[in-house]
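Thanks for coming. I will walk through one model today, going from its confidence values to its core, its salt bridges and a few backbone details.

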Amino acid sequence: MFLHLAAILILTVGSCSGNSVTDFEDCGSSVGEINNIDITPCDHPSSRCRIPRGTNATLAVNFTANGLITSAKTFIWGIVDDNMYPFPVPLDACEHMKCPLQSGSQAVYNNVFFLSAVLPPINATAKFELVDQLDRRIICFTVPVLLAW
């Protein structure tokens, strides 16, 4: 349950109803550069992103490719008390963004996740990572989130 909650929190971090998330940390993007992260819904996109349980959350990450990307995988974790919990997401990132990508081209990873009302309210850090066909980190970021009542 913690794993599922943490993953949901991470995914939710990315797309704040028209508000860009500004409180995020890049965790080693190398084959891409993050341009913008949006999470919808997201109260407080400049601090801990507050996301209500029992709703859909949309994550949209706009980035620029710094190399050829022919395929990509998605990884999401919830981090609670320094423990990482994987979030079950479809592995094929190209289902949620354009592939292939040429160096210098922009893309948007866009996905929707349901945050179950049975999940407990919790503060966590969401970690999102896209990895390319050579297992290089395309983009990686963390963002503080609160799964709220």
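Let me start with a question: is Asp135 buried or exposed? Asp135 is exposed, with a relative accessible area of 53%. The terms have cut-offs: buried means under 20% relative accessible area, exposed means over 50%, and partly exposed is in between, using a 1.4 Å probe and protein chains only.

Some ground rules. This is a predicted model, in which local features need pLDDT of at least 70, side-chain atom pairs count only at pLDDT 80 or more, and totals for chains, interfaces and linings use all residues. Residues are numbered from 1 along each chain as its sequence is written, and side-chain values use heavy atoms, with hydrogens and water left out.

Confidence comes next. pLDDT is the predictor's confidence in each residue, from 0 to 100. The chain has a mean pLDDT of 86, and 87% of its residues reach 70 or more. I will refer to helices (H or I, at least four residues) and strands (E, at least two), which are DSSP runs numbered from the N terminus. The lowest mean pLDDT among the elements, 39, belongs to helix H1, residues 2-12. The highest, 96, belongs to strand E1, residues 25-26. Over residues 1-17, pLDDT stays under 50. The model still has 93 contacts beyond four places in sequence for that stretch, a contact being heavy atoms within 4.5 Å. Where pLDDT is low, the predicted coordinates should not be read in detail.

Now the core. A nonpolar core here is a set of buried Ala, Val, Leu, Ile, Met, Phe, Trp, Tyr and Cys residues joined through side-chain atoms within 4.5 Å. The largest one has 39 residues, and those with the most contacts inside it are Leu59, Val61, Phe63, Tyr109, Phe128 and Leu130. At least two residues of this core come from each of E2 (32-40), E3 (49-52), E4 (55-65), E5 (72-80), E7 (106-115), E8 (122-132) and E9 (137-148). E9 gives the largest share, six residues. In soluble globular proteins, nonpolar side chains tend to be buried together. Take Val61 as an example: leaving out residues up to four places away in sequence, Val61 touches Ile34, Asn36, Ile37, Ala107, Val108, Tyr109, Phe128, Ile139 and Phe141.

How many salt bridges are there? The count is three, where a salt bridge is a side-chain nitrogen of Lys or Arg within 4 Å of a carboxyl oxygen of Asp or Glu. One joins the side chains of Lys73 and Asp135, at 3.0 Å from N to O. Lys73 is in strand E5 and Asp135 in the loop between E8 and E9, so this pair ties together parts that are 62 residues apart in sequence. Lys73 is partly exposed, at 28% relative accessibility.

Another salt bridge links Arg137 and Glu129, with the closest N and O atoms 2.8 Å apart. Arg137 counts as partly exposed at 30%, while Glu129 counts as buried at 9%. The remaining bridge is between Asp132 and Arg136, with the closest N and O atoms 2.7 Å apart. Asp132 is buried, with a relative accessible area of 1%, and Arg136 is partly exposed, at 33%.

On to the backbone. Strands E5 and E6 (residues 83-86) pair in the antiparallel sense over four bridges; pairing requires that DSSP finds at least two bridges between two strands. Val80 has Asn83 in E6 as its bridge partner. The two strands form a hairpin with two residues between them. Which residue in that turn has a positive phi? Asp81 does, at about 50 degrees. Asp81 is also exposed, at 69% relative accessibility.

One joins Thr40 and Pro41, with omega about -10 degrees, and Pro41 sits in the loop between E2 and E3. Another joins Cys99 and Pro100, with omega about 0 degrees, and Pro100 is in the loop between E6 and E7. Lys98 lies in the loop between E6 and E7, and is exposed at 52% relative accessibility.

That is my last item, and I will take questions now.
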